[in-house]
Amino acid sequence: MADMNAVHDAHDEHPTTTIREYLIIGLVLSVITAVELVMSLYEDELGVVLIPGLLIFSAIKFVIVVAMFMHLKFDSIRFTQIFAFGFVLATCLLIAVVVLFAYDATDAIGGGFIGDPIEHH
Amino acid sequence: MSAATHETEHHTSLGVDNRKLLMWIFLASECLFFGSLLSTYLIFKGESLSGPGTDIFAFEITSISTFVLLMSSLSMVLAVYGAQHGQLGLMKLMLLCTILLGLVFLGFQVYEFKTFASEGLTLSTNQFGASFYILTGFHGCHVGVGVLYLSSLLISSVRRNGIGKETPLYIDIGGLYWHFVDIVWIVLFTVVYLIPAY
Amino acid sequence: MATATDGVGTVQAEQSKVWEWLTTVDHKKIGTMYGITGFTYFLISGLTALAIRTQLAVPNGNVLSAELYNQFFTMHALMMIFLAIMPMGASFFNYFIPLQIGARDVAFPRLNALSYWVFLSGSLILFSSFFLGGAPDAGWFAYAPLTDAKYSVGSGLDFYCVGLIILGLSSLMASLNFAVTILNMRAPGMTMMRLPVYMWMTLVVSFLLILSLPIVTVALVMLYFDRNFTTNFFTPETGGDPILWQHLFWLFGHPEVYVLILPSMGIVSEVIPVFSRKPLFGYAAIVFAGASIGVLGFGVWAHHMFTTGLGTVPALVFSATTMGIGVPTGVKIFNWLSTMYGGSIRFTTSMYFAVAFIAMFTIGGISGVMHASPAVDSQHQDTYFVVAHIHYVLFGGAIMGIFSGIFYWWPKMTGRFLSEISGKWSFWVMFAGMNLTFFPMHFLGVSGMPRRIYTYDEGFGWDDWNMVATIGSYLIGVSILIFLINVFRTMRQPATAPDNPWDAPTLEWATSSPPPEHDFDVVPEVHSSMPLWTNREMGIVTPEAPEGLHIHLPPSSYMPLILAIGVGLIGVGLLSHLALVGIGVAISTYGVWGWSIEPTD
């Protein structure tokens with residue numbers, strides 16, 4: 001009997017991270033933030049690398065906090081799945097909406113006003 | 001099977017605590033909340049028909065407040081550590097630290113808003129102002145709620161009986177909320193402040 | 001009753017019935033309150049629809065003024081969606097989640113009570129707008145810039161913002177509670193793939209709400225700020241973007257459509273196997289179809305916006321996803337038909353409504369897929385064709401499903417059978433009425449009648465079909481009257497229903513009718529997705545409850561009520577004087593604090 005789908009009781013096991021390790025993680029997070037800050041000051045030199053670079057660094061910080069501070073790494077996989085679903089959905093919708101606005105609809109077929117000459121696009 | 005619900009309370013289908021599951025689902029919901037606010041901000045980014053634009057940002061102040069919030073996450077995780085390892089003194093001290101750092105962050109935000117307002121950026125100045133204030137303002141509200149939340153945990157824990165045998169769980173769940181507010185700021189700091197207008 | 005459990009019992013027994021209901025945390029009582037409130041709003045909203053149809057019965061009607069007409073069609077939609085169909089769905093969710101998964105209550109009983117009271121305060125705020133300077137009048141999706149303070153001068157749209165934010169808060173709390181309950185409180189042996197389909201649909205609906213409500217909350221806050229705090233998010237003159245409102249609204253609004261229809265799909269998935277005396281055909285397919293509708297539901301929102309000029313590529317993408325979402329819906333329809341095929345069908349009223357659901361929903365679904373084509377959609381935009389479509393889906397679909405559920409579960413909830421004869425009368429009158437009302441709207445739409453016009457001239461060829469639609473709407477009114485008489489007569493009879501009158505396979509029928517406060521004497525153990533049928537085949541007998549049964553139930557609490565009053569006051573304050581907000585916050589804080597320190601054991 002019992003629950004066939006019961007995952008082992010994960011919530012009673014505390015993460016094994018020590019205070020020292022937490023402090024190191026905090027230091028790493030601070031250093032990444034400092035690097036980001038410096039990067040943003042050299043906007044012109046970095047050019048196209050800047051935005052992806054900043055996004056990657058902030059993604060690393062995000063993952064570190066979620067995995068270690070919110071200890072998803074040690075917790076039930078269900079939490080990761082649920083949170084990831086929400087986060088991925090939010091990201092996709094954000095990108096979709098921003099792209100829809102960046103897309104200049106009045107230049108396209110189907111956009112514009114009724115009766116616009118077709119060669120106008 | 002025994003008929004007592006006590007048993008079912010401690011033995012859940014997914015093997016996780018109900019309250020913790022609730023918090024994680026809630027945080028998934030919050031992702032959509034901040035996602036919508038951030039979309040609005042990005043759509044209007046750089047659109048200022050009149051008045052100041054993103055060049056109004058003062059990096060020094062924001063960098064310090066970002067650092068403060070990052071450190072509050074560190075103190076929060078140490079509070080959780082204290083609760084889980086029975087070091088209640090450490091837990092209370094670190095909770096207090098987290099609350100104070102949260103308040104400092106809020107203070108910086110109030111200062112920032114006041115400065116921007118005096119430089120002519122208000123809710124009605126332009127789209128940039130409106131979407132910036134509503135985005136960071138809602139984040140500030142979340143920090144504020146977090147401060148109240150953690151304060152109530154701290155007050156409960158210093159009472160004579162403390163929170164009881166479930167202290168680690170309550171601190172843990174409070175910590176999840178706090179860290180979430182921090183990761184929202186990690187994203188906002190990069191996207192709003194560091195990435196230049198295009 | 002709860003009083004049997006401990007020493008406080010005798011004190012509780014003396015407390016009045018009203019106090020008992022005000023402080024209850026029992027999911028069955030909360031479900032009942034949701035049901036009664038929802039049905040009341042269903043009646044009120046139905047009356048506004050009758051007024052609308054009376055106005056439109058003949059050309060140049062003068063029953064309603066243009067202003068009142070705008071308020072009526074807006075409030076008709078808002079009340080039907082947020083105050084009638086959603087709460088009636090929540091009523092069944094509350095009542096049957098614990099019963100169907102074999103739990104003694106939902107995961108958070110007090111949060112459950114709080115959701116109801118917050119729902120009530122939000123609904124009263126929204127409804128009171130009728131008497132406080134005019135209801136919202138910009139349609140339920142409230143397109144900017146119509147909602148701008150410049151074009152909508154009354155406070156109706158402020159009521160819309162505040163009311164919907166509070167209702168959203170209530171739905172969010174309820175959905176979080178339901179999701180946790182279904183994921184985490186299942187009876188031993190009840191794996192996810194043994195959940196009743198209704199529970200699966202409930203889970204999908206809960207996640208849809210959890211993930212879509214925050215989006216509309218953001219939009220509503222921005223609209224409120226636009227109207228009250230001088231921002232310009234949606235006003236084009238000052239650089240704002242009305243299209244942004246449409247995106248944010250439909251990002252919520254389309255999942256919301258599935259929130260309205262999926263519960264009914266779940267109900268007919270329970271009803272059809274029972275009355276066909278056959279297991280559901282393709283259980284896994286129907287579950288995955290429901291889940292994929294939930295996921296795809298987030299990717300189709302812009303099909304409401306084809307005429308805003310999305311551009312070619314986005315229009316194609318949303319056209320494709322919209323057609324795609326028809327596939328899982330079709331899978332479900334074939335599953336229901338295949339379940340009936342070869343079964344020995346019992347034609348009860350509940351089965352009538354369920355079969356009508358399939359037929360009517362298919363019509364509504366097909367006219368929906370038509371709108372997946374941007375070209376067709378551009379023709380139908382804002383005509384009565386769209387009105388016909390949504391009513392086939394929401395009346396022919398959601399409401400028919402809810403009535404099927406009412407007739408199916410009434411014996412379990414009350415211990416009494418609704419009259420089958422009277423029930424079939426109400427079914428046929430409703431079925432005829434709804435088709436007479438909504439089918440002609442297809443013709444009206446194709447011949448160009450715009451929706452939301454409060455009157456029209458003679459000579460457009462719209463006169464006859466409008467008269468037919470109005471006659472049909474009165475027939476629907478008659479059918480509801482027949483149903484109400486049925487209910488009142490039934491409730492005066494003694495409760496004689498046995499535990500499992502329909503010979504159904506799910507767990508709610510394993511306990512008495514109506515169920516005891518603790519739901520199950522013995523928490524059942526589950527061996528298949530149709531536990532009661534399997535148990536009978538395998539000869540498994542539920543063990544007798546042990547002597548001196550001591551079942552711990554959560555004590556009742558008035559903190560949810562206090563907290564909800566606080567939240568309601570915050571809402572009232574946002575609409576009147578900010579000082580009230582302060583009082584509301586103070587009361588809420590007291591509620592939260594009292595909540596957190598009150599003993600739950």
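Q: Quick one before we start: what puts two residues in contact here?
A: Two residues are in contact if their C-beta atoms, placed from the backbone, lie within 7 Å. Keep in mind that this is a predicted model.

Q: OK. How many residues of chain B are in contact with chain A?
A: 40 residues of chain B are in contact with 45 residues of chain A.

Q: Which helices of chain B supply that side?
A: α2 (18-44), α3 (59-84) and α6 (167-194) of chain B each supply at least two residues of the side touching chain A.

Q: And which one gives the most?
A: α2(B) does, with 13 residues.

Q: Switching to chain B as a whole. How many helices and strands?
A: Chain B has 6 helices and 0 strands. From the N terminus on, the order is α-α-α-α-α-α.

Q: What share of chain B is buried?
A: 53% of its 198 residues count as buried.

Q: And what about contacts between residues at least 6 apart in sequence?
A: In chain B, 81% of those contacts join residues at least 24 apart.

Q: New topic: how many residues are in the largest nonpolar core?
A: That core has 279 residues. B:I25, C:A179, C:I210 and C:A219 have the most contacts inside it.

Q: Take C:A219. Which residues is it in contact with, leaving aside neighbours within four places in sequence?
A: C:A219 is in contact with C:W245, C:L248 and C:F249.

Notes. Residues are numbered from 1 along each chain as its sequence is written. Chains are lettered from A and ligands numbered from 1 in the order in which they are written. This is a predicted model: local features need pLDDT of at least 70, side-chain atom pairs count only at pLDDT 80 or more; totals for chains, interfaces and linings use all residues. Helices (H or I, at least four residues) and strands (E, at least two) are DSSP runs, numbered from the N terminus. A nonpolar core is a set of buried Ala, Val, Leu, Ile, Met, Phe, Trp, Tyr and Cys residues joined through C-beta atoms within 7 Å. A residue is buried if 20 or more other C-beta atoms lie within 10 Å of its own, exposed if 12 or fewer, and partly exposed in between; C-beta atoms are placed from the backbone.
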